[in-house]
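This briefing goes through one protein model by topic. The structure comes first, and the notes follow.

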Amino acid sequence: MPTAFSAHPEHLWREPEPKAAYDVVIVGGGGHGLATAYYLAHEFGIRNVAVLERGWLAGGNMARNTTIIRSNYLSEASAAIYEHALTLWEGLAEALDYDLMFSQRGVLNLAHTPQEVRESVRRVGANRLSGIDAHWLDPQEVAKVCPIVDVSPARRYPVLGATFQPRAGRSAPTRSRAGGSGSAGSLLSPSPISGCTSATSAHWRYCCPIRSRPSPDPTTRSPCSAG
Ligand SMILES: Cc1cc2nc3c(=O)[nH]c(=O)nc-3n(C[C@H](O)[C@H](O)[C@H](O)COP(=O)(O)OP(=O)(O)OC[C@H]3O[C@@H](n4cnc5c(N)ncnc54)[C@H](O)[C@@H]3O)c2cc1C
């Protein structure tokens, strides 16, 4: 029977046995772990990589988040790193040949009070100084961008304006993004190993300990090392 995951290729669901040693062992198969595996392989040719995940791939925060991809953060450092990430997203589906369902339809943050207007206008100013495509919209401009928003001044909390980043968007569902990362990782050959808790926690039962630490229970999962 077809399921929501049927469209995902088989290689996403490999369950490789841990090897004795890897060049790099990454703890946590969320967005950061999978992306790290991908970019290690893609940028540096490091493919002998294990990603250890105690649950299922991308089952942590990745499975819960709102899936908004944007770079209009207030501080210069945050805006810069998210802008770099957004730029990577813009080419990722093509690079992976995998539909990440990334849709750059823009993000609006509505302001309903004078204080929110002040904060929002300040953020737009800071973003623009950093080269981010941020805009401040008045209520009529908000209605043009998103006609279903009721900008009537008669509302209890009327819309006084909004920040708008046109290049921001969403990638949904989360599983697809993780699938994309997992796909990237798998294609470039790191091993995503699910059900494997790292030596950093008290749960050694499914562990792949780093070299200097002995596994107290080597029978449940083969120990492996990095470096
Ligand atoms: C409700 C919510 C909404 C959000 N909305 C957005 C949004 O709209 N846009 C946005 O950009 N960000 C959003 N975020 C933030 C985003 O989800 C996180 O920044 C991102 O998921 C962090 O990725 P990660 O890989 O660090 O962590 P996670 O995705 O949590 O992955 C960590 C993984 O490590 C595994 N793990 C932990 N410890 C061990 C161990 N000892 N051994 C083995 N495995 C282990 C966990 O099981 C988990 O799978 C949101 C977060 C939440 C919670």
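Phenylalanine 164 counts as buried because 22 C-beta neighbours lie inside 10 Å, where 20 or more are required. The model is predicted, with an average pLDDT of 81 for the protein.

- Phenylalanine 164 belongs to strand β8, residues 161-165.
- Leaving out residues up to four places away in sequence, phenylalanine 164 touches Gly106, Leu108, His135, Leu137 and Val145.
- Valine 142 is 22 residues from phenylalanine 164 in sequence, and their C-alpha atoms are 8.6 Å apart in space.
- β8 is mostly covered, with five of its five residues buried.
- In a regular strand, side chains alternate between the two faces of the sheet.
- In β8, Ala162 and Phe164 point one way, while Gly161, Thr163 and Gln165 point the other way; all are buried.

**Partners of β8**

- Strand β6 (residues 107-111) runs antiparallel to β8 and is joined to β8 by five bridges.

**The three-stranded sheet**

- An open sheet is formed by three strands in the order β4-β9-β5, with antiparallel pairing.
- β4 (68-69) and β5 (102-103) are at the edges and have a single partner strand each, so one side of each has no neighbour in the sheet.
- Two bridges pair β4 with strand β9 (residues 169-171) in the antiparallel sense.
- Isoleucine 69 is placed opposite glycine 169 of β9.

**Ligand shell**

- The ligand is surrounded by 24 residues, of which Gly28, Gly30, Gly60, Asn65 and Thr66 are the closest.
- By class, 17 residues of the shell are polar, four are nonpolar and three are charged.
- Helix α1 (residues 31-44) supplies the largest share of the shell, three residues.

- The 14 residues of α1 should span 20 Å at 1.5 Å a residue; the end C-alpha atoms are 19 Å apart, so the two values agree.
- The buried residues of α1 are Gly33, Leu34, Ala35, Ala37, Tyr38, Leu40 and Ala41.
- Alanine 85 is part of helix α2, residues 76-96.
- Is alanine 85 buried, exposed or partly exposed? Alanine 85 is partly exposed, because 16 other C-beta atoms lie within 10 Å, and the intermediate class falls between 12 or fewer (exposed) and 20 or more (buried).
- Alanine 85 and serine 71 are 14 residues apart along the chain, and 8.1 Å separates their C-alpha atoms.

**Whole protein and confidence**

- The protein contains five helices and eleven strands.
- Of its 227 residues, 32% count as buried.
- Among contacts between residues at least 6 apart in sequence, 68% join residues at least 24 apart.
- A pLDDT of at least 70 is reached by 70% of the residues.
- Over residues 199-220, pLDDT stays under 50; the model has 42 contacts beyond four places in sequence for these residues.

Key. Residues are numbered from 1 along each chain as its sequence is written. This is a predicted model: local features need pLDDT of at least 70, side-chain atom pairs count only at pLDDT 80 or more; totals for chains, interfaces and linings use all residues. Two strands pair if DSSP finds at least two bridges between them. Helices (H or I, at least four residues) and strands (E, at least two) are DSSP runs, numbered from the N terminus. A residue is near a molecule or strand if its C-beta atom, placed from the backbone, lies within 6 Å of it. Ala, Val, Leu, Ile, Met, Phe, Trp, Tyr, Cys and Pro count as nonpolar, Asp, Glu, Lys and Arg as charged, and the others, Gly among them, as polar. Two residues are in contact if their C-beta atoms, placed from the backbone, lie within 7 Å. pLDDT is the predictor's confidence in each residue, from 0 to 100. The expected span of a helix is 1.5 Å times one less than its number of residues.
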